[in-house]
Amino acid sequence: SLFFHAISTLFAYGLLRRLLRRPWPAAAGALLYGVHPLQVETVAWTSGMKDVLYGCLALGALYYYVRALEPRPDDDAAPRIHRRRFYIFATIVYAAALLSKPTAMVTPVLALIIDRVLLHRPWRSVGRSLALWFAMAIPIAVLARSIQPSYGVTLPPLWQRPVVAGASIAFYLGKLVWPTRLAFEYGWRPIELIHQRWYWQIALIPVAIAMALWPLRRRVPWLVAAACLFIVPLLPVSGLVIFEWLYFSVVADHYMYLAMLGPALALAFAVCKAATHAPVRGAGVGVVVAIVLAMLGARSALQMRHWRDEETYLVWLQNMNPTSVMAYNGMGLLLWRRADHVEGPQRKALLDRAEREFIAGGKPIPTYRAPHENLVRIYTNENRADDAIAQLHELMALSDAGPPQIRKDYSATFNLGGEQSMREKRYANAVRFYQEQVKYNPQDIKSLKMLHEAEAALRAASTQPATQPATATAPTAR
């Protein structure tokens, strides 16, 4: 991740230098892209590799796209062939970005902004260059929309979603200017926040900024372009449409990875303009920018400490967001794994703590399945079938208000207890679990079959001397 992030920063530098023709302002913008604390999560989070990879490839596609628009001064005989080669390479890199993460579908829009607003090419030429890129994005968008799970995710009505998007962009603007109290999960669930007055108020901030920039669109087009490059990558994940992470929060630091190109462009152009109009003042601006970048780098180094190991990260997340279901569930799994390596009172203490973490994780979002399922496994593992079944009934009760599919999926979790009990040769408990599953889904052929197998195993075991149940296997993290 660090390697690809370094390549992303170099691509950002190359792109800015091509646009500005000035190395030091381009370096300032690229450093802002590389060292800002909002980038820490994407690089430090192992599962965030998809964001680093798609961002790197998208920046690479933009860089080579801009190069494809420039004829080589030392090859006047064949500038068209030269440009065509860069365009083909840019298209290949863009295709790789689409295969890394569907969000790369915004890349043609970013290229359009750069091409039209900064390079001032006519619309017809821009359309010819980007028609293929837009066509490539369509099947990726359709595929991503069809396969990404969204049941259980609730959004406000359509007319309120621009408010959600505005508030989300205002959130990112705040973190961009003052990057403190950064967290992996912020708990910004729109269906809950939409009733808060302050949420509607901050949604007006991007609108006010847009109204201020509109009269300046001809005088400072680079500032308008920077604003668009910032907003466009955020729009697909701003709450206008349903996506999976909305289950936990509408905002996340890793959504800013490609969007940081906008602030980088704004800083680079600002430094360039200051140095051009007043060299002395430009030197002073350069010193201030260097100090700010150093402070941001130091803040990122401090932020990295929270990602040192799993326990440090989870404790930090609980402190930043006391309602984080992922923090509680993750801490419960960590304690459960530790309990597998000790015995006696220490093991019981760890399991009790894990149970409390799972219970706490099931409260902020009652429909979040993982803590409930992990409680079922702990109870089953410890031969607490009554508690496990009670937990599953509670899960079923919570699903009554949800879509039928969710209730059906929840009822299938009775099989978890049945499978665990069968592995541990606690056949009586397995029979009880499968009976509950069949009660909710009488047409579930697999559960009926497993129920018969459990009943047969129980009858066979009743004719043999009692044996000590097998030691439980390690829990599977969810």
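Is Q318 buried or exposed? In this predicted model, Q318 is buried, with a relative accessible area of 18%, a value that falls under the 20% cut-off for that word.

View 1. Q318 has its place in helix α15, which covers residues 310-320. When the neighbours within four places in sequence are left aside, the residues in contact with Q318 are A327, Y328, M331 and E357.

**View 2. The whole protein, as a setting for the close-ups.** The secondary structure comes to 23 helices and zero strands, and of the 478 residues in the protein, 50% are buried.

**View 3. The stacked pair of Y64 and F86.** A pair of aromatic rings is described by the distance of the centres and the angle of the planes. The count of such pairs in the protein comes to 31. For Y64 and F86, the ring centres are 6.1 Å apart and the planes are at 15 degrees, so the pair is stacked. Because Y64 lies in helix α4 (residues 49-68) and F86 in helix α5 (residues 79-100), the pair ties together parts that are 22 residues apart in sequence. Y64 is buried, with a relative accessible area of 18%, and F86 likewise counts as buried, at 15% relative accessibility.

**View 4. The stacked pair of W307 and Y313, and the cluster that holds these rings.** W307 and Y313 form a stacked aromatic pair, with 5.1 Å from centre to centre and 25 degrees between the planes, and both residues are buried. Together with W45, F184, W245, Y247, F248, W316 and Y368, the residues W307 and Y313 form one aromatic cluster.

**View 5. The second largest pocket and its lining.** About 730 Å³ of space lies in the second largest pocket. The pocket is lined by 25 residues, of which L213, L223, V224, A227 and C228 are the closest to its centre. The lining residues divide into 20 nonpolar, two polar and three charged. At least two residues of the lining come from each of the helices α6 (107-118), α8 (161-177), α11 (204-213), α12 (221-231) and α13 (261-277). Which helix gives the most to the lining of the second largest pocket? With eight residues, α12 gives the most.

Key: Residues numbered from 1 in each chain as written. Predicted model: local features only at pLDDT ≥ 70, side-chain atom pairs only at ≥ 80, totals over all residues. Heavy atoms only, no water. 1 Å grid on protein atoms, 1.4 Å probe; cavity = no way out; pocket = protein on both sides within 12 Å on 5 of 7 lines; lining within 4 Å. Points joined across faces, edges and corners; volume = space filled by probe spheres on them. Helix = DSSP H or I, 4+ residues; strand = E, 2+ residues; numbered from the N terminus. Nonpolar A, V, L, I, M, F, W, Y, C, P; charged D, E, K, R; others polar. Buried < 20%, exposed > 50% of the residue type's maximum accessible area, 1.4 Å probe, protein only. Contact = heavy atoms within 4.5 Å. Phe/Tyr/Trp six-rings, centres within 6.5 Å; stacked < 30°, edge-to-face > 60°.
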